[in-house]
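Open the model in your viewer and keep the selection tool at hand. Each stop below names what to select and what to look for.

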Amino acid sequence: ARDPFRGRKGPPDSHRYVTYLKAPVRPLPKPPLGTRDTGVAVFAVRPDAWFSFAFKQKNGSPGSPNRLAESMLKVPATTRNWNTVLKIAAAP
């Protein structure tokens, strides 16, 4: 019901990701974040997570939401595909 991706369309051939932060971050950076060069488009941020689309960079390699989060926020993070998060949430 609280799907942050509902109604959002990412770049062509992109995948949906949530990046969980080890510690809450304040002040929050304001989206949109990321560029064609990073291969990441962040559209929503919370103190403990951010939501993004990852796609191929100009050099052809996939974008890394985790690398972008850790370099910008200076806190450890872990990133999961949104489909994986939904499967875990639906598990008994």
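Select Arg46 and Asp48. Their side chains meet in a salt bridge, with 3.1 Å from N to O. A salt bridge here is a side-chain nitrogen of Lys or Arg within 4 Å of a carboxyl oxygen of Asp or Glu. By that rule the count comes to one salt bridge.

A note on what you are viewing: this is a predicted model, where local features need pLDDT of at least 70, side-chain atom pairs count only at pLDDT 80 or more, and totals for chains, interfaces and linings use all residues. Residues are numbered from 1 along each chain as its sequence is written, and side-chain values use heavy atoms, with hydrogens and water left out.

Stay on the pair and show the surface. Arg46 counts as partly exposed because its relative accessibility is 34%. Asp48 is also partly exposed, at 37%. The scale: buried is under 20% relative accessible area, exposed is over 50%, and partly exposed lies in between (1.4 Å probe, protein chains only).

Next stop: the cavity. Select Leu21, Val25, Leu28, Pro29, Val45, Arg46, Ala49, Trp50 and Leu73, which line the largest cavity. A cavity is a set of points on a 1 Å grid over the protein atoms alone where a 1.4 Å probe fits but cannot get out; lining residues have an atom within 4 Å of a point. Its volume is about 40 Å³, taken as the space filled by probe spheres set on the points, with grid points joined across faces, edges and corners. A search of the whole structure finds one cavity of 30 Å³ or more.

Color the lining by strand. Strand 2 (40-46) and strand 3 (49-54) each supply at least two lining residues. Strands are DSSP runs of E, at least two residues; helices are runs of H or I, at least four; both are numbered from the N terminus.

Now select Gln57. It lies in the loop between strand 3 and helix 1 (65-73). Is Gln57 buried or exposed? Gln57 is buried, because its relative accessible area is 15%. Show its contacts (heavy atoms within 4.5 Å). Leaving out residues up to four places away in sequence, Gln57 touches Arg36, Asp37, Thr38, Gly39, Pro62 and Gly63. Draw a distance from Gln57 to Val40: their C-alpha atoms are separated by 8.2 Å, at 17 residues apart along the chain.

Last, select Gly7, in the segment before strand 1 (15-21). Gly7 is exposed, with a relative accessible area of 84%.

How values were computed:
On a 1 Å grid over the protein atoms alone, a cavity is a set of points where a 1.4 Å probe fits but cannot get out, and a pocket is an open set with protein on both sides within 12 Å along at least five of seven lines; lining residues have an atom within 4 Å of a point.
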